[in-house]
Amino acid sequence: MSQNLTFDVGALVALERRDKRMRAVSLAACASGAIITVPAPVLTEWWRNAPRQRDILRAILVEPTHARMATLAGEALAAVPSATPLDALVMASAAQRDGVVYTG
C-alpha cells in the first residue's frame with residue numbers, strides 16, 4: 001500500500017475508537033511509507049485534545065487549506081450539491097495526489 005491516503009473525520013474517529021479495520025489500514029500505510037493526510041478543517045472537526053488523538057496526530061500529515069484546494073472543493077460542491085464543504089475538502093485533498101479517501 002504505497003498509495004497516498006486522505007482520512008476524513010469518520011476515519012479519525014474510527015482510529016480513536018480502535019476500529020480494527022481502520023487500524024489495519026493505518027498500520028499498513030505506515031509500513032509501506034504511504035502518506036496519510038488530513039485537511040486542516042477535518043482536524044478542527046475532530047480534535048478534542050484527548051490522549052489517543054495526540055497519538056493519532058503524530059502519524060498523519062495535516063494539510064493546510066490553500067486556494068487550489070478550496071477551488072477544487074468548490075467545483076466538487078457545484079457538481080454534487082448534496083456534499084458538505086468538509087467532504088468536498090477531503091475529496092479535493094485526495095485528488096491533488098491521486099490518493100484514496102478513507103472514512104469510518
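Ser-26 sits in helix α2, where helices (H or I, at least four residues) and strands (E, at least two) are DSSP runs numbered from the N terminus. Ser-26 is buried, at 12% relative accessible area; buried means under 20%, exposed over 50%, and partly exposed in between (1.4 Å probe, protein chains only). Leaving out neighbours within four places in sequence, Ser-26 is in contact with Leu-15 and Ile-36, contact being heavy atoms within 4.5 Å.

Bear in mind that this is a predicted model, in which local features need pLDDT of at least 70 and side-chain atom pairs count only at pLDDT 80 or more, while totals for chains, interfaces and linings use all residues. Numbering runs from 1 along each chain as its sequence is written, and side-chain values use heavy atoms, with hydrogens and water left out.

**How α1 meets α2**

- Helix α1 (residues 9-16) packs on helix α2 (residues 20-32) at about 100°, with the axes 8 Å apart; axes are lines fitted to C-alpha atoms, for helices over the stretch in contact, and angles run from 0 to 180 degrees between N-to-C directions.
- That makes α1 roughly perpendicular to α2 (65 to 115 degrees; under 35 is roughly parallel, over 145 roughly antiparallel, and the rest oblique).
- On the α1 side the contact uses Ala-11, Ala-14 and Leu-15, and on the α2 side Met-22, Arg-23 and Ser-26.
- Sorted by type, the residues of the α1 contact with α2 are four nonpolar, one polar and one charged. Here Ala, Val, Leu, Ile, Met, Phe, Trp, Tyr, Cys and Pro count as nonpolar, Asp, Glu, Lys and Arg as charged, and the others, Gly among them, as polar.

**Nonpolar cores**

- The largest nonpolar core has 20 residues, and Leu-5, Phe-7, Leu-12, Met-22 and Tyr-102 have the most contacts inside it. A core of this kind is a set of buried Ala, Val, Leu, Ile, Met, Phe, Trp, Tyr and Cys residues joined through side-chain atoms within 4.5 Å.
- β1 (5-7), α1, α2, β2 (36-39) and α3 (40-46) each put at least two residues into this core, and α1 gives the largest share, five residues.
- Setting aside residues up to four places away in sequence, Leu-12 touches Phe-7, Val-38, Val-42, Trp-46, Ile-56 and Ile-60.
- There is also a second, separate core of six residues, including Met-69, Ala-73, Ala-88 and Ala-92.

**Helix α6**

- Helix α6 (residues 85-96) has 12 residues and spans 16 Å from first C-alpha to last, close to the 16 Å expected at 1.5 Å a residue; the expected span is 1.5 Å times one less than the number of residues.
- Ala-88, Leu-89, Val-90, Ala-92, Ser-93 and Ala-94 are buried in α6.
- The buried residues of α6 pack against β1, β2, α3, β3 (61-63), α5 (67-79) and β4 (100-102).

**Positive phi outside glycine**

- Asp-98, in the loop between α6 and β4, has a positive phi of about 50° although it is not a glycine. Asp-98 is exposed, with 65% relative accessible area.
- Asn-49 has a positive phi near 60° and belongs to the loop between α3 and α4 (51-57). Asn-49 is partly exposed, at 45% relative accessible area.

**Gly-104**

- Gly-104, in the segment after β4, counts as exposed at 58% relative accessibility.
- The C-alpha atoms of Gly-104 and Gly-10 are separated by 4.1 Å, though the two residues are 94 residues apart along the chain.
- Not counting residues up to four places away in sequence, Gly-104 touches Asp-8, Gly-10, Ala-11, Ala-14 and Arg-21.
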